[in-house]
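Q: I have a structure on the screen and would like to learn how to read its features one at a time. Where should I start?

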Amino acid sequence: MNSHELRSIAELIRRNSGEVVAFTGAGISAEAGIPTFRGKGGLWEKYDPEELATPQAFFRDPKLVWDWYLWRMSIIARARPTPAHEILALWEDKGILKGVITQNVDGLHQRAGSKNLVELHGSIWRIRCTSCDNKVYLGFGNLPERVPPECDRCGSIMRPDVVWFYEPLPRDEWMRAEDMIRSASLLLIIGTSGLVMPAATLPMMALRNNATLVEINPEETNLSSLAKFRVREGASRVFVDLNEMLEGIA
């Protein structure tokens, strides 16, 4: 890791304080022990998402899909926010960071204390009715008492409140993400492959609005060519160093 480059990034963050936005993907949570979908050892090596993470699969066999989600929830429930999650929340409290846009459904940003948070793909800790759209937040680490859970309003089965294949993003969350991107002068792209659409268009939108892009990812991605700085390290190590540098900048 190039210390000169990191100091340049820390200075960028200081100069753009209040107009910095973080855009996060599975890589930031992989450090917490949550398997990524696309990385080595990811969940998709064991399961075909086309058979599990679709509305069609759910209505064909809701018990099978729920069993898969219970397994995922049990893994996530043992995880704790990483230093990267915690520092992003700290920077928001200090007014450095405007907010976080995440593609993750694990709830770790919320658990770390992030408040201005856009969960583009929903939350694994929230369920919603398939008929009346009643939503219930289970709370981090809490699994449904029975599966499939039933709606306490209409009695229909409930599903995870996450975005599946062939489903659009929630309109309100997408509009919040667009507003945050338009207000950003510096976008930190953390641990995302840049493969999932339409989320991957957000860095391009930021660039069109003259924001500077910084990528923090151990691997080259589809978004790397857009970034002014590309740090090939895990997010937690980078954010610990950046936070120390920011504290040392007058």
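Q: Which residues does the UniProt annotation "binding site" cover?
A: An annotation of this kind may be inferred rather than shown by experiment. Here the model itself is predicted, and the unreviewed UniProt entry marks Tyr69 and Arg72 as "binding site".

Q: Where is Tyr69 in the secondary structure?
A: Tyr69 belongs to helix 5, which runs over residues 62-77. Arg72 is also placed in helix 5.

Q: Is Tyr69 buried or exposed?
A: Buried means a relative accessible area under 20%. Tyr69 has 2%, so the residue is buried. Arg72 has a relative accessibility of 9% and therefore counts as buried.

Q: Which residues is Tyr69 in contact with, leaving aside neighbours within four places in sequence?
A: A contact means heavy atoms within 4.5 Å. For Tyr69 the partners are Ala53, Ile124, Pro160, Val162 and Trp164.

Q: What does Glu86 touch, not counting residues up to four places away in sequence?
A: Glu86 touches Pro81 and Ala112.

Q: What percentage of the contacts in the chain between residues at least 6 apart in sequence join residues at least 24 apart?
A: The share is 69%.

Q: How many helices and strands does the chain have?
A: The count is 10 helices and 9 strands. The chain has a radius of gyration of 18 Å, and the globule rule gives 18 Å for 250 residues, so the chain is as compact as a globular protein of that length. Along the principal axes, the C-alpha atoms fill a box of roughly 60 × 35 × 30 Å.

Q: What percentage of the 250 residues count as buried?
A: In this chain, 53% of the residues do.

Q: How far apart are the mean positions of the positive and negative charges?
A: The chain has 29 positive and 32 negative charges, and their mean positions are 2 Å apart.

Note on methods. Residues numbered from 1 in each chain as written. Predicted model: local features only at pLDDT ≥ 70, side-chain atom pairs only at ≥ 80, totals over all residues. Heavy atoms only, no water. Helix = DSSP H or I, 4+ residues; strand = E, 2+ residues; numbered from the N terminus. Rg over C-alpha atoms; globule rule 2.2 N^0.38 Å. Buried < 20%, exposed > 50% of the residue type's maximum accessible area, 1.4 Å probe, protein only. Lys, Arg positive; Asp, Glu negative; His and termini not counted. Charge placed at Lys NZ, Arg CZ, Asp CG, Glu CD.
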